[in-house]
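The sequence and the model come first, followed by notes grouped by topic.

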Amino acid sequence: MDEPTNEPRPADSRPPLVAAHTNLTPPQKAWSAYTVHALACRVCCDVDAGACGTAGELHQAWVVASQAAFRRLAGETA
Ligand SMILES: [Zn+2]
């Protein structure tokens, strides 16, 4: 039996995500982009690597998309 190691797994060791990228709402698309990146990114997968700039940008895009969706639900225009 293999001993567990602290070695990071290669970024491409995970199985491909099975997700339908069609008919998703803008917040869902933004969250999908964030999670797909985070699961494949070496920086995001390494707890000691610090913050990932790309993940930060994708997360911010999700926040913006979600806020716009809430504004639409609230009936705001503009
Ligand atoms: Zn990343």
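**Zinc site and overall fold**

C41 is buried, with a relative accessible area of 13% (buried means under 20% relative accessible area, exposed over 50%, partly exposed in between, with a 1.4 Å probe and protein chains only). This is a predicted model, in which local features need pLDDT of at least 70 and side-chain atom pairs count only at pLDDT 80 or more, while totals for chains, interfaces and linings use all residues. Residues are numbered from 1 along each chain as its sequence is written, and side-chain values use heavy atoms, with hydrogens and water left out.

Zinc site
- The zinc ion has H37 (NE2), C41 (SG), C44 (SG) and C52 (SG) as protein donors, at 2.1 to 2.3 Å (donors are N, O and S atoms within 2.8 Å of the metal, or 3.2 Å for Na, K and Ca; water is not among the atoms, so sites may look incomplete).
- C41 lies in the loop between helix 1 (26–40) and helix 2 (42–45), and C52 in the loop between helix 2 and helix 3 (53–73), so the pair ties together parts that are 11 residues apart in sequence.
- C52 is also buried, with a relative accessible area of 14%.
- Along the chain, the donors of the zinc ion are spaced as H-x3-C-x2-C-x7-C.

Chain as a whole
- The chain has 3 helices and 0 strands (DSSP runs, numbered from the N terminus: H or I of at least four residues for helices, E of at least two for strands).
- Of the 78 residues in the chain, 14% are buried.
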